[in-house]
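Hi everyone, thanks for coming.

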Amino acid sequence: MGRSLFACFSKRSSKTSSSDINKSTATHDAAADDLTADELKRGGPVVVELFSSQGCATSPEAELLFSRIGRGDFNLEVPVILMAYHVDYWDYNGWKDPFASSQWTVRQKEYVESLNLDTMFTPQVVIQGRSQCIGNDEEGLISAITSATRYPPPAFQATFERRTPESLQVTLKGALRAKLDGRGADIMVALYESGLVTDCRNGDNKDRILANDFVVRKLGKLCSGDKLPPKKPITGTLDFGVWEGFNSAKCGIVVFVQQHGSHHVFGSQRIQLPANL
């Protein structure tokens, strides 16, 4: 896809011995067994995915809005799970985004195709894989979140191990609660980091201090299948390489179920990493 089809939008309306392994277990924000029948009926969190770039002049406004939603500034009655993907197609424009990846550009392109859009742009927000809006459109984004279809969250527990300083092993055990319609789905796991601050020294945001939260650093597939029935036990392990300066206190994982083809999200949960992992 050529650069002419990209747009930057502003608002519109080695092995170690077992004794060296650092191991911790965590559960999701609201323990699975504590959810009432009524809460399960209403559904779990809404997945909100932001596609942005430090090289886009209007993305910082969207990033600020994203962080405010994460802080609870809007007192939403709907729980949300936030993930920010930094795309790389603005890296040519004087500033290389340190968190950008061609993998995230490919993910956004898949949404462009599934949502029948004409172009890729930043900042863009995709809600539950089903709808989208401009990322700095506060009114449109809040409306899309509160009106989104919700599904029961998965019920996973996570165990984390640092077998080497450069790696993080995540083992998940649990089950799904939402029924799928037969297309099949992937259980995806995203590792994100918050509290990031960058001194931007060039490009459209030159001389600005940029703050970024919920930035997806790694994304992997736990398992995939044509049939993933609710309550069936699921166990899997993923190995993530970690970056220089990795601080588990600033990180978490998101487990979400994404349908083949449509990319619709059928349930999600967030698990905070233990501190000092």
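A quick term to begin: buried means under 20% relative accessible area, exposed means over 50%, and partly exposed is in between, using a 1.4 Å probe and protein chains only. Please keep in mind that this is a predicted model, where local features need pLDDT of at least 70, side-chain atom pairs count only at pLDDT 80 or more, and totals for chains, interfaces and linings use all residues. Residues are numbered from 1 along each chain as its sequence is written, and side-chain values use heavy atoms, with hydrogens and water left out.

So, the cysteines. Cys133 counts as buried because its relative accessibility is 11%, and Cys251 is buried too, at 0%. The structure holds one disulfide, meaning a pair of cysteine sulfur atoms within 2.5 Å. Which residues does the disulfide join? Cys8 and Cys56, at 1.9 Å from S to S. Their link is right-handed, with 90 degrees about the S-S bond. Cys8 is partly exposed at 30%, whereas Cys56 is buried at 1%.

Now to helix α3, residues 102–114; helices here are DSSP runs (H or I, at least four residues), numbered from the N terminus. The buried residues of α3 are Trp104, Thr105, Arg107, Gln108, Tyr111 and Val112. Seen down the helix axis, these fall within an arc of 160 degrees, taken from the directions from the axis to the C-beta atoms, so they line one face of α3. Just after α3, Asn116 takes a positive phi of about 55 degrees.

Methods. Helices (H or I, at least four residues) and strands (E, at least two) are DSSP runs, numbered from the N terminus. The expected span of a helix is 1.5 Å times one less than its number of residues.
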